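Welcome, and please open the model in your viewer.

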Amino acid sequence: MKVFIACLGTETNTFVPFPTGRRNFEENGVFHGDVTKRTPNLFSAPMHVWRRRAEERGWTVVESLFAFAQPAGVTVRSVYEGYRDEILADLKKALPVDIVLLSMHGAMVADGYDDCEGDLIGQVRAIAGPKAIIGGELDLHCHLTTAMITQANALVTFKEYPHIDTAERAEELFTVCADAAEGKTQPVMAVYDCRMVGMYRTPVEPMKSFVNRMKALEGKDGILSVSLGHGFPWGDVAEVGTQSLVIADGDAGKAQALARQLGEELFAMRDTTLVKYWEAADAVATADRATAGKPVVLADVADNAGGGSPSDSTFVLEALLARGFKGALIGLVWDPVAFQIAEEAGEGATLDMRIGGKCGPISGRPVDLRVTVKKLAHDCQQSFGPTKNSTGDLAWLQADGIDIVVNTKRTQIFHPDAFAPLGLDPTRYRLIVVKSTQHFYAGFAPLASEVLYVTTRGGIEPDFANIRHTKRTIPYWPRVADPFTGQNA
Ligand SMILES: [Zn+2]
């Protein structure tokens with residue numbers, strides 16, 4: 001057997017103004033056939049798993065491109081086409097292949113391509129031929145499109161948000177595809193459109209039990225894999241939204257029935273999946289009154305780089321300054337210019353500095369502060385599950401009782417160890433502000449007395465009813481109270 005593996009992806013927020021270009025990919029490392037010789041990160045981890053599993057069986061592995069970009073706006077057309085064509089050229093050289101395994105995001109949009117993954121899978125199919133088994137692992141924040149479903153043999157999405165299970169899902173996809181290639185099974189996929197646009201946090205109920213039920217259904221009664229494509233709400237594409245996905249062994253009716261059952265189950269509990277969002281000033285006031293002796297963690301969800309936002313908005317910083325809050329830590333604020341000035345001034349220097357607010361109205365206004373450069377650190381990393389992920393260079397700036405960590409590589413914060421290179425101990429603060437929607441949760445919740453989700457005017461509109469979708473024609477909740485009958489409450 002010959003297995004061909006590659007990764008190409010990003011999560012495209014079509015509502016933010018700055019494009020995803022080659023540099024966004026290169027910052028995460030672009031590798032041409034050797035990413036499995038490096039330390040695994042979130043989206044290369046599957047390729048490591050697939051290589052190991054194939055080599056354990058004595059199969060041949062052909063490794064192609066790894067290219068994954070930090071989310072931003074629509075991908076530059078030539079950048080997408082260049083990476084795609086590199087994978088296709090490698091595939092042609094590798095023919096014949098039995099299995100193609102692709103690590104993708106599932107919500108990548110490029111100029112001229114609303115469905116990059118559907119395009120990629122379709123072109124892979126055309127080259128690999130009808131008998132090749134094509135499998136894809138997707139972030140659960142994907143658009144499960146008709147083009148993807150009809151041209152792949154098996155798609156598996158992460159089950160957990162935060163995404164702590166990328167390696168497990170890679171194992172799952174490998175098993176499904178290897179069994180199919182060996183003729184043991186005949187995977188057939190079915191999806192059910194839940195007619196919902198939302199975010200579903202899986203460490204908490206009711207989603208926790210829902211994920212457990214999904215897992216319990218797998219591996220028996222002819223069900224090979226169960227996924228829930230949560231969808232990525234900030235992609236203006238026709239097939240945006242939440243879909244359940246089931247892979248059954250040879251029985252399309254069974255797959256369809258279970259996808260529908262799970263989709264209806266999720267729809268029935270839609271109201272319980274909603275998160276309470278705070279106004280920044282209210283959340284800061286609540287944190288100021290807290291007496292638990294442990295930090296309050298405030299999630300600045302609208303400025304999550306992982307969802308395509310700039311990670312330099314100042315709305316929460318302004319709320320802290322307005323209240324005169326003392327004992328807060330904010331990170332990571334993407335501001336390479338501030339870092340450069342801090343580095344030039346040197347550790348211990350006190351100077352006036354303009355922070356954040358660089359990417360338009362979604363960033364808010366830049367904030368002018370007199371800061372002390374407490375410490376600098378270079379080439380830093382943070383943990384996400386078992387993987388290590390670059391945060392670039394860091395500067396710890398202190399002003400008016402607030403510690404601000406600016407960095408040079410736009411990324412959301414995943415874990416408290418992001419602050420370690422600066423010698424900062426997050427547990428000593430009264431309040432920690434994280435620019436992240438949910439991935440921070442696994443790392444920060446254990447040290448928090450309370451987690452507050454805050455809404456600001458950033459690049460990620462948290463009220464799903466207000467996102468300005470123009471391409472989806474089928475009604476969805478919560479814009480419509482009951483999208484199946486079309487009735488509004
Ligand atoms: Zn995701």
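## A tour of salt bridges and a cavity

Start by selecting Asp34 and Arg38, whose side chains meet in a salt bridge with 3.1 Å from N to O. Here a salt bridge means a side-chain nitrogen of Lys or Arg within 4 Å of a carboxyl oxygen of Asp or Glu. Asp34 is partly exposed at 23% relative accessible area, and Arg38 is partly exposed too, at 40%. (Buried is under 20% relative accessible area, exposed is over 50%, and partly exposed lies in between, using a 1.4 Å probe and protein chains only.)

Before moving on, note that this is a predicted model, in which local features need pLDDT of at least 70 and side-chain atom pairs count only at pLDDT 80 or more, while totals for chains, interfaces and linings use all residues. Residues are numbered from 1 along each chain as its sequence is written, and side-chain values use heavy atoms, leaving out hydrogens and water.

Next, select Glu171 and Arg52. Their closest N and O atoms are 2.4 Å apart, in another salt bridge. Which parts of the chain does this pair link? Glu171 belongs to helix α6 (residues 166-181) and Arg52 to helix α2 (residues 45-56), so the two partners are 119 residues apart. Helices here are DSSP runs of H or I with at least four residues, numbered from the N terminus. Both partners are partly exposed: Glu171 at 24% and Arg52 at 36%.

Now go to Arg84 and Asp119, a salt bridge with 2.9 Å between the closest N and O atoms.

Finally, display Asp312, Ser313, Thr314, Leu317, Ile330, Val333, Ile355, Ile404 and Lys435, the lining of the largest cavity. On a 1 Å grid over the protein atoms alone, a cavity is a set of points where a 1.4 Å probe fits but cannot get out, and lining residues have an atom within 4 Å of a point. The volume is about 40 Å³, and a search of the whole structure finds one cavity of 30 Å³ or more. Volume here is the space filled by probe spheres set on the points, which are joined across faces, edges and corners.

Key
1 Å grid on protein atoms, 1.4 Å probe; cavity = no way out; pocket = protein on both sides within 12 Å on 5 of 7 lines; lining within 4 Å. Helix = DSSP H or I, 4+ residues; strand = E, 2+ residues; numbered from the N terminus.
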